[in-house]
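Trainee: Hi! Could we go through this structure together? I have a few quick questions.

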Amino acid sequence: MKIIVPATSANVGPGFDSVGIAVTRYLTIEVLEPADAWFIEHDLGAGIPTDEKNLLLSTALSISTDMQAHRIKMTSEVPLARGLGSSSSVIVAGIELANQLANLQLSDAEKLRIATEIEGHPDNVAPAIFGNLCCATGLKTKVLNTVISVPSELHFAVVVPEVMVSTEYARSVLPNHVPFKEAVQNVSHASLFVTSLITHQLSNLSVALDDNLHVPYRKTLIPYCDAAFEAAKAAGAYGATISGSGSTLIAYVDKAHVQAVAEAMGAVFTSNGIENKTYCLEADSTGASII
Ligand code: HSE
């Protein structure tokens, strides 16, 4: 059995903690043979546990202990702790692992509630489960979520700089209060963002991506962030923002410009001595899947 979960880009600019998009980088979990003890084979570095302390297994075992231990192979194309939902993908895979091995028959709504409880942010986990663009809000006992298709003409140029920003720290720099006018502008931008995708009016994104709730505070944690945003626009992007809590930056762009925009953002970091990787991505329309 294989469990495949897409990366996610949370917040989409103005949709802080509310909106996220699944993108085409994947975590793959292969369930190999039954074993006396759980063991995860991976090449993600010495800091990632291979036993029950691994987030995949701690998630699965927090849901059910009624499972035969297995040897598992974990392969991830999702950069770790860079704002592309690496933890979310592992948590969603862990829930699916327990669901399959303990035959729990969890509904999608239950998976989303459990994933949000563990991860903390529905905008990260919802698209990992459902694919596409998700709008989610967490209530006390459940999470409400809607899914819309992302227009196929929308592509994403992504730069992942070698800059580590933990979500915890990136949340600690946010203010307790924002001016009323700025909050109102966020509501209008987030609404415009989602409806512009529905109506294929992608040029609106040059305005709709602007945010007042987190980007102005978090960009101080990512050197050359503004320069990369400007380079993305100059190379033909509709606009760019921070992916999740960073440090990945994501530009929204049409297919014709996606390569040039990725290169332009990467060049900003490279020319300032910061290693980086760039990717040209699309929206994932499948979400978590089992093979
Ligand atoms: N919406 C969350 C945040 C996502 O930006 O803090 C965390 O990955």
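This is a predicted model: local features need pLDDT of at least 70, side-chain atom pairs count only at pLDDT 80 or more; totals for chains, interfaces and linings use all residues.

Trainee: Great. At what angle do helix α1 and helix α2 pack?

Mentor: Helix α1 covers residues 55-63 and helix α2 covers residues 86-101, and they pack at about 40° with their axes 8 Å apart. That angle makes α1 oblique to α2.

Trainee: Is the crossing of α1 and α2 left-handed or right-handed?

Mentor: Right-handed, as α1 passes α2.

Trainee: And which residues in α1 and α2 meet there?

Mentor: From α1 you have Leu55, Leu56, Leu57, Thr59, Ala60 and Ile63. On the α2 side, look for Ser87, Val90, Ile91, Ala93, Gly94, Ile95, Leu97 and Ala98. Sorted by class, this contact of α1 with α2 has 11 nonpolar residues, 3 polar ones and no charged ones.

Trainee: Nice. Now the rings: how many aromatic pairs are there?

Mentor: The count comes to 2 aromatic pairs. In one of them, Phe156 and Tyr252 have ring centres 5.1 Å apart and planes at 85°, so the pair is edge-to-face.

Trainee: Where do Phe156 and Tyr252 lie?

Mentor: Phe156 is in strand β7 (residues 154-161), while Tyr252 is in strand β9 (residues 249-254). The pair therefore ties together parts that are 96 residues apart in sequence.

Trainee: What about Phe193 and Tyr252, how are those rings arranged?

Mentor: Phe193 and Tyr252 form an edge-to-face pair too, at 5.7 Å centre to centre and with 85° between the planes. Phe193 sits in helix α6 (residues 180-198) and Tyr252 in strand β9, so this pair links parts 59 residues apart in sequence. Put together, Phe156, Phe193 and Tyr252 form one aromatic cluster.

Trainee: Are Phe193 and Tyr252 buried or exposed?

Mentor: Phe193 has 0% relative accessibility, so Phe193 counts as buried. Tyr252 is also at 0%, and therefore counts as buried. Phe156 is buried as well.

Trainee: Changing topic: where does Ala267 lie?

Mentor: Ala267 is in helix α10, which runs over residues 258-271.

Trainee: Last one: how far apart are Ala267 and Gly47?

Mentor: In sequence, Ala267 and Gly47 are 220 residues apart. In space, C-alpha to C-alpha, the distance between Ala267 and Gly47 is 30 Å.

Key
Residues are numbered from 1 along each chain as its sequence is written. Side-chain values use heavy atoms; hydrogens and water are left out. Axes are lines fitted to C-alpha atoms, for helices over the stretch in contact, and angles run from 0 to 180 degrees between N-to-C directions. Helices (H or I, at least four residues) and strands (E, at least two) are DSSP runs, numbered from the N terminus. Angles under 35 degrees count as roughly parallel, over 145 as roughly antiparallel, 65 to 115 as roughly perpendicular and the rest as oblique. A crossing is left-handed if the near helix is turned anticlockwise from the far one by less than a right angle, and right-handed if clockwise. Contact means heavy atoms within 4.5 Å. Ala, Val, Leu, Ile, Met, Phe, Trp, Tyr, Cys and Pro count as nonpolar, Asp, Glu, Lys and Arg as charged, and the others, Gly among them, as polar. Rings of Phe, Tyr and Trp (its six-membered ring) pair if their centres lie within 6.5 Å; planes under 30 degrees apart count as stacked, over 60 as edge-to-face and the rest as tilted. Buried means under 20% relative accessible area, exposed over 50%, partly exposed in between (1.4 Å probe, protein chains only).
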